[in-house]
Amino acid sequence: MLLCALALAVTCKVHAQAADIQKQKADSTALGVTLGVTDDAAPADCLPDRSGYLRGRLKGAINLELDWGNAGTQCTGAVRPTDGGVRMRFTHKMPESKDRLVLVFGIAGLREGQPARTLPVNVTVIREGSGDFFGTQGDDKCTLDQVTQTPIVGIPHRTRSYRVVVRGFCTEPARAVRGAGAVLLSRFDYAGRVDYETEDKTEDESPAAGKKTVAGN
């Protein structure tokens, strides 16, 4: 009887975890981002030359000073086929928690290898594990002050991958996709990568209007 009870408890826990993962994936699809829900495996470093980072400040439903170094930070970037812009993603484990925090930046006006100033950007904040999703759902709330791009040279030939350094701020918060709450990323700067040979085929969609949008994340 004791073994049966233990087996039943384990089965219920597995079903609950699976349901939570499905909810997170559904919300990420609504925001136009692809969420890879992962285990506690050690994440890969951001950039091979160890120069990756993300710094910023979150206020609101999540109050956190971000100071992510290259080690332990996952960063990816790819082209958005809808408008030729890019989508950059940073993931890091939250302090004193098993949850992982994901920040996604959708930049419609960024072109390969070109520096830029005063670019609008769409920001999504995801707390994996809790199911919390926040999105600006438009590129009129956050701005990139400055963007520089440096080629990442491969061996033996240069590839279409770039180290992208960004400085920016938001004047309005990212609001919860479901329920109440909001998060303001008041300031941020980061160094990540964009692979212009890779397309992020996630369709952009506004969960509020239920319609696809070019500016979405």
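**Figure 1. Two disulfides are found in the structure.** A disulfide here is a pair of cysteine sulfur atoms within 2.5 Å. This is a predicted model, in which local features need pLDDT of at least 70 and side-chain atom pairs count only at pLDDT 80 or more, while totals for chains, interfaces and linings use all residues. Residues are numbered from 1 along each chain as its sequence is written, and side-chain values use heavy atoms, with hydrogens and water left out. With bonded cysteines counted along the chain, the disulfides follow the pattern 1-2, 3-4.

**Figure 2. C46 and C75 are joined by a disulfide.** Their sulfur atoms are 2.0 Å apart. The torsion about this S-S bond is about 100°, so the disulfide is right-handed. The bond links distant parts of the chain, 29 residues apart: C46 is in the loop between helix 1 (2-30) and strand 1 (53-60), and C75 is in strand 3 (residues 74-79). Helices (H or I, at least four residues) and strands (E, at least two) are DSSP runs, numbered from the N terminus. Both cysteines, C46 and C75, are buried; that term means under 20% relative accessible area, with exposed over 50% and partly exposed in between (1.4 Å probe, protein chains only).

**Figure 3. A disulfide connects C142 with C170.** The S to S distance is 2.0 Å. Here the torsion about the S-S bond is about 105°, so the disulfide is right-handed. C142 belongs to strand 8 (residues 142-153) and C170 to strand 9 (residues 158-170), so the pair ties together parts that are 28 residues apart in sequence. C142 and C170 are buried.

**Figure 4. L101 and F105 sit in the largest nonpolar core.** Such a core is a set of buried Ala, Val, Leu, Ile, Met, Phe, Trp, Tyr and Cys residues joined through side-chain atoms within 4.5 Å. Of its 41 residues, L101 and F105 touch the most other members. Strand 11 (residues 182-199) gives the most to this core, contributing six residues. As background, nonpolar side chains tend to be buried together in soluble globular proteins.

**Figure 5. Six aromatic pairs are present in the structure.** Rings of Phe, Tyr and Trp (its six-membered ring) pair if their centres lie within 6.5 Å; planes under 30 degrees apart count as stacked, over 60 as edge-to-face and the rest as tilted. The ring centres of F105 and Y190 are 4.8 Å apart with planes at 40°, so this pair is tilted. F105 lies in strand 5 (residues 100-107) and Y190 in strand 11, linking distant parts of the chain 85 residues apart. F105 and Y190 are both buried. For Y162 and Y196, the centres are 5.5 Å apart and the planes are at 85°, so this pair is edge-to-face. Y162 is in strand 9 and Y196 in strand 11, so the pair ties together parts that are 34 residues apart in sequence. Y162 and Y196 are both buried. Ring pairs also link F90, F105, F188 and Y190 into a cluster.

**Figure 6. S161 is a residue of strand 9.** Its relative accessibility is 8%, so S161 counts as buried. The S161 side chain makes polar contacts with the side chain of D195 at 2.5 Å and with that of R193 at 3.4 Å. A polar contact is a pair of N or O atoms within 3.5 Å; within protein, one must be able to donate a hydrogen and the other to accept it, and residues adjacent in sequence count only if both atoms are side-chain atoms. Leaving aside neighbours within four places in sequence, S161 is in contact (heavy atoms within 4.5 Å) with T150, P151, I152, R193, V194 and D195.

**Figure 7. Twelve salt bridges are found in the whole structure.** A salt bridge is a side-chain nitrogen of Lys or Arg within 4 Å of a carboxyl oxygen of Asp or Glu. D189 and R55 meet in one (3.0 Å, N to O). This pair links distant parts of the chain, with D189 in strand 11 and R55 in strand 1, 134 residues apart. D189 is buried at 17% relative accessible area, whereas R55 is partly exposed at 35%.

**Figure 8. E65 and R187 form a salt bridge (2.4 Å, N to O).** E65 is in strand 2 (residues 64-68) and R187 in strand 11, 122 residues apart. E65 is partly exposed, with a relative accessible area of 44%, and R187 is partly exposed too, at 33%. Elsewhere, R80 and D83 meet in a salt bridge (2.7 Å, N to O). R80 is buried at 1% relative accessible area, and D83 counts as buried at 18%. Salt bridges that share partners join R57, E65 and R187 into one network.
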